[in-house]
Amino acid sequence: MEILGEFGEDGLEIARKVTKEGAICDHCLGRQLAKISSGLSNERRGEILKEVLRERGEELKAGKCWVCNGLFEQLEYWVSKALETLRDYEFDSFLVGTKVSGLLLENEELLWEIAGASYAEPLKAELNREVGKRIEHDTGKIVDFKLPDVVVILNLWTETVEVQVKAVFIYGRYRKLTRGISQTRWLCRECRGKGCERCNFTGKMYPESVEELISDSLREEFKGEEMVLHGCGREDIDARMLGSGRPFVLELQEPRRRNVDLRMAEEKVNEENRGKVEVRALRYVNREMVAKIKNAKMDKTYRIEVELKPLQGLRGHGAEPHKTRVPEEEVKNALERLSGALIEQRTPTRVLHRRADLVRKRKVHSVRLVSFEAQNAVMEIKCSAGLYIKELISGDEGRTKPSFSELLGVEAEVKELDVLDVDLDREVEDFTV
Ligand SMILES: [Zn+2]
Ligand SMILES: [Zn+2]
């Protein structure tokens, strides 16, 4: 009995043309009419069409399918190859993709020339779906078209399976307890990483970085490759990062594990980097968080130790007598005038090689003198993002106005600097996926 149904005589005509070209499998035949009838697999469509054609007395050629070259008979082969590759990865969602070989692409184009492509579905769409269904069935994981944890790629050229893994992002805050550690890997300026005498053949400007120390502790947990630390700003290499720490997002590329207990991970980092780097409040976020912390404008609190140099360079008017020491009262007065001041800061000479030369206006929110002894002042300064603190003290030869040095009338220089707090917007800080 004929069951032509939705295909109609038009559909049957297409099927007739296609089968005349050579032996074709049910999948490849059914796929040419995928958009005509709903609710059936391509394989079932092919079966029905062949049945009707035979009933109408058509001779159908037997043998290997000339379109897919027997690919759909090897579905189980590809499924097991994919499952074997996936075994190394932790994932909740996945997607299957196919790199179709040139031969199959040509066959498909030829087929569409013969039969028209108006109702057809591409070969790789069917292969992706069929393999995906079987993987879902075998693993209990789900297909996700938007943002899968892993993409399995069936490479028909090389007959191999490749995997693309979505990066894992972890938000947290770090404290840097020792000076001389850079925030991220810093390639040697001389050799650009190749290794030379200047860098003692390490390829790096500084032996250690926060990025590497954290990464080294977590590499084993996540079984990942590269890790990149995105900081919410950065402190100078010779500054410590204390207090509440600096927000960062760690991007772990191609991780094989993605559901690591972060409380444990945190302990491991802190244990292994005792006295150097600490992390806290780690939590999983998505890629968006990188842009959020990069664009965030945050107030910062510094603790600095400033050395006054009254003998070397008294500023102000020539008529004043040289001082040998500055009284605490004058230091306090200068700081009081700095508190709440709007600073016009021209790009510091020391960063001119990498930043445009322009004048920025930044605010000093508050200043507190912690101690003053032997012409050394320890102070805490809270200011808005982007204010260069060393120049706020020294004046950078008049490029920063007003400056502590200018207000005091004495040369002053930051000897030691620590960042105590990076004040991130609550909204950004609490942002979750
Ligand atoms: Zn086929
Ligand atoms: Zn070098």
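**Entry 1: H1 and H5**

I started with a helix pair, and H1 crosses H5 in a right-handed sense. A crossing is right-handed if the near helix is turned clockwise from the far one by less than a right angle, and left-handed if anticlockwise. I looked up the contact residues next: Ile14, Lys17 and Val18 come from H1, and Leu111, Ile114 and Ala115 from H5. Contact here requires C-beta atoms, placed from the backbone, within 7 Å. By class I get five nonpolar, no polar and one charged residue for H1 with H5.

Then I took the geometry. H1 covers residues 8–20 and H5 covers residues 102–115; their axes come within 9 Å and cross at roughly 130°. That angle makes H1 oblique to H5. The angle classes are roughly parallel under 35 degrees, roughly antiparallel over 145, roughly perpendicular from 65 to 115, and oblique for the rest. Axes are lines fitted to C-alpha atoms, for helices over the stretch in contact, and angles run from 0 to 180 degrees between N-to-C directions.

**Entry 2: ground rules**

I note that this is a predicted model, where local features need pLDDT of at least 70, side-chain atom pairs count only at pLDDT 80 or more, and totals for chains, interfaces and linings use all residues. Residues are numbered from 1 along each chain as its sequence is written, while chains are lettered from A and ligands numbered from 1 in the order in which they are written.

**Entry 3: the whole chain**

I counted elements: the protein chain has 13 helices and 14 strands. These are DSSP runs numbered from the N terminus, with helices (H or I) of at least four residues and strands (E) of at least two.

I checked the overall dimensions. The C-alpha trace spans about 120 × 45 × 40 Å along its principal axes. The radius of gyration is 34 Å, whereas a compact globule of 433 residues would have one near 22 Å. The radius is taken over C-alpha atoms, and the globule rule is 2.2 Å times the number of residues to the power 0.38.

Of the 433 residues, 33% count as buried. Buried means 20 or more other C-beta atoms within 10 Å of the residue's own, exposed means 12 or fewer, and partly exposed lies in between, with C-beta atoms placed from the backbone. I also looked at contacts between residues at least 6 apart in sequence; 71% of them join residues at least 24 apart.

**Entry 4: H4 and H6**

H4 (residues 75–86) and H6 (residues 123–139) have axes that come within 10 Å and cross at roughly 55°. The two helices are therefore oblique to each other. The crossing is right-handed. On the H4 side I find Leu75, Trp78, Val79, Ala82 and Leu83, meeting Glu130, Val131, Arg134, Ile135 and Asp138 of H6. This contact of H4 with H6 has seven nonpolar, no polar and three charged residues.

**Entry 5: H7 and H8**

The axes of H7 (residues 210–222) and H8 (residues 262–272) cross at roughly 135° and come within 9 Å. That makes H7 oblique to H8. I read this crossing as right-handed. Ile214, Ser217, Leu218 and Glu221 of H7 meet Ala265, Lys268, Val269 and Glu272 of H8. The tally for H7 with H8 is four nonpolar, one polar and three charged.

I followed two residues here. Ser215 sits in H7 and counts as buried, because it has 20 C-beta neighbours inside 10 Å. Its C-alpha is 8.3 Å from that of Glu226, eleven residues apart along the chain. Glu271 belongs to H8 and is exposed, with 9 other C-beta atoms within 10 Å. Glu271 and Ser217 are 54 residues apart in sequence, yet 9.2 Å apart C-alpha to C-alpha.

I looked for positive phi outside glycine. Phe201 has phi near 60°. It lies in the loop between strand E5 (168–176) and H7. Phe201 is exposed, with 12 other C-beta atoms within 10 Å.

Glu254 has phi near 50°. Its loop runs between strand E7 (239–252) and H8. Glu254 is partly exposed, since 17 other C-beta atoms lie within 10 Å.

Last, a cis peptide bond joins Lys401 and Pro402, with omega about -10°. Pro402 is in the loop between strand E13 (400–401) and helix H12 (404–408).

Methods. Contact = placed C-beta atoms within 7 Å. Nonpolar A, V, L, I, M, F, W, Y, C, P; charged D, E, K, R; others polar.
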